[in-house]
Amino acid sequence: MATDAFWQFVSAHQGDDTASLLLAKNRWPDIDVPLAADTIEGRRKMRTKLPSWHACDRIIYPNRLCTEQCSSEDTAMYKAALAKKILGGKKGKIADLTGGLGVDSWAFSTVGDVLYNERDPRLANAAEHNFPALGVNIRVSCASVEPGNVSNIIGDFRPDLVFLDPARRNNLGRKVFRLADCNPDVLALKDELLAGSPNLLLKLSPMADISQVARELGPSVREVAAVSAQGECKELLVWMDRNWTGGYTVTAHMPSGDLTFSPEEEQACRPALCDALPEPGDILLVPDKAVTKAGCFNLLAARYGLRKLGVSTHLYICPEDSPVDGTRYRIQRIVPFSEARIFKGLPADVSARNLPLTSEQLQKKLGIKKSGKPHIWGLRIDLSTGSWANWLLETYPLQEPQTRAYSGL
């Protein structure tokens with residue numbers, strides 16, 4: 001797929017403008033310049049997204065879309081850790097049926113034998129080259145995953161776990177979130193997939209509704225994990241066990257570790273509301289996006305000793321030494337909503353929580369010019385006494401969202 005001359009070209013032009021290379025491609029008739037340009041761009045993206053791949057200078061990146069959509073190193077290694085848990089800590093067989101660039105298959109190879117399958121021949125051919133370059137031995141297949149064809153793809157591999165990452169864009173290129181709109185159709189395939197493997201791991205859109213997904217997939221759903229990285233919820237992972245009927249747990253995977261609970265636990269937990277209004281100097285916590293996606297609002301306060309600012313206002317007052325992940329702000333002052341005029345003309349960021357206003361509408365109402373500091377929060381505060389009112393908090397950020405490489409294998 002790539003000759004020594006190709007790699008010499010990539011090395012010689014790795015700092016060049018790739019658009020200019022494509023315009024001048026006729027100068028190098030023996031080089032696949034479009035592939036070289038995509039590979040150069042891919043290596044640039046991998047510098048921070050996939051450092052282990054960036055360190056290998058003979059990885060082919062067959063198009064730009066695959067580098068945009070592939071897992072980061074952190075999220076891929078978390079999936080490998082989850083696979084290890086599913087396999088009971090033992091080495092097993094994992095079939096990645098929607099392999100893409102192959103990042104997840106590469107991560108899975110750290111915990112078991114892997115079958116990689118991809119319907120796009122360009123990606124499958126690249127994977128066949130890339131896996132040996134990365135020093136891993138992975139079986140490569142190129143076939144479309146559709147009803148009636150799963151057993152043909154798996155063959156004699158007999159996986160302990162099947163991984164599926166369905167495409168979440170329709171024929172017009174628009175993002176979709178419903179299971180039935182993804183390709184391949186998980187709902188049409190799940191019984192066939194579970195017949196070929198005792199465990200199924202699905203990667204879904206972080207926009208998907210957890211309770212709806214669990215209802216649609218049925219009683220085999222054992223765990224749903226919301227995975228955050230770089231301050232965003234990146235993935236929603238669903239573990240299905242064909243022998244399981246005991247209900248499911250939800251895990252919020254954060255930089256510092258996992259918070260696992262059942263939906264019933266969250267529903268039964270009463271909110272730990274503040275006894276009095278927060279004071280200047282208190283720390284306002286905006287929880288990690290994985291927690292928000294997982295819907296762990298009351299349990300978060302109970303487990304970490306936080307105070308919730310409202311029944312439906314998912315912001316918290318936390319101690320100085322709290323280990324919980326999220327973004328922290330120091331409260332400068334608290335102002336009744338009726339006195340909003342005092343902020344007019346102040347350069348600040350604005351957020352509305354649990355108000356009949358959007359953040360943009362609140363910013364306009366306050367007459368605030370968008371900036372970076374301070375941060376004004378408009379929110380409803382419910383107290384444990386039963387009283388409530390709308391308030392404005394002037395705050396200053398203490399830290400950026402925490403990030404770290406996942407090392408749970």
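Trp377 counts as buried, at 3% relative accessibility; buried means under 20% relative accessible area, exposed over 50% and partly exposed in between, with a 1.4 Å probe and protein chains only. Tyr329 is buried as well, with a relative accessible area of 11%. Before I go on: this is a predicted model, where local features need pLDDT of at least 70 and side-chain atom pairs count only at pLDDT 80 or more, while totals for chains, interfaces and linings use all residues. Residues are numbered from 1 along each chain as its sequence is written, and side-chain values use heavy atoms, with hydrogens and water left out.

Now the aromatic pairs. A pair of aromatic rings is described by the distance of the centres and the angle of the planes. The structure holds six such pairs; rings of Phe, Tyr and Trp (its six-membered ring) pair if their centres lie within 6.5 Å, and planes under 30 degrees apart count as stacked, over 60 as edge-to-face and the rest as tilted. One of the six is Trp53 with Trp106, edge-to-face, at 6.0 Å centre to centre and 90° between the planes. Trp53 lies in helix H4 (residues 51–54) and Trp106 in helix H7 (residues 103–108), so this pair ties together parts 53 residues apart in sequence. Helices (H or I, at least four residues) and strands (E, at least two) are DSSP runs, numbered from the N terminus. Both Trp53 and Trp106 are buried. For Tyr329 and Trp377, the ring centres are 5.4 Å apart and the planes at 75°, so that pair is edge-to-face. E10 runs antiparallel to strand E12 (residues 316–318), joined by three bridges; two strands pair if DSSP finds at least two bridges between them. In that pairing, Leu285 stands opposite Tyr316. E10 also pairs with strand E13 (residues 326–336), again in the antiparallel sense, over five bridges. There, Ile283 stands opposite Arg330.

Elsewhere, strand E8 (residues 249–254) and strand E9 (residues 257–261) pair in the antiparallel sense over five bridges. They form a hairpin with two residues between the strands, and His253 stands opposite Asp258 in E9.

Two charges over rings. Arg222 lies over the face of Trp244, at 4.0 Å from the ring centre. The charged end of Lys93 sits over the ring of Phe157, 5.5 Å from its centre. The criterion is NZ of Lys or CZ of Arg within 6 Å of the ring centre and within 35 degrees of the ring normal.

On to the cores. Which residues have the most contacts inside the largest nonpolar core? They are Leu202, Leu217 and Val238, in a core of 49 residues. A nonpolar core is a set of buried Ala, Val, Leu, Ile, Met, Phe, Trp, Tyr and Cys residues joined through side-chain atoms within 4.5 Å. A second, separate core has 39 residues, including Ile86, Phe108, Val114 and Tyr116.

Last, the whole chain. There are 15 helices and 16 strands, and 52% of the 409 residues count as buried. The C-alpha trace spans about 70 × 55 × 40 Å along its principal axes.
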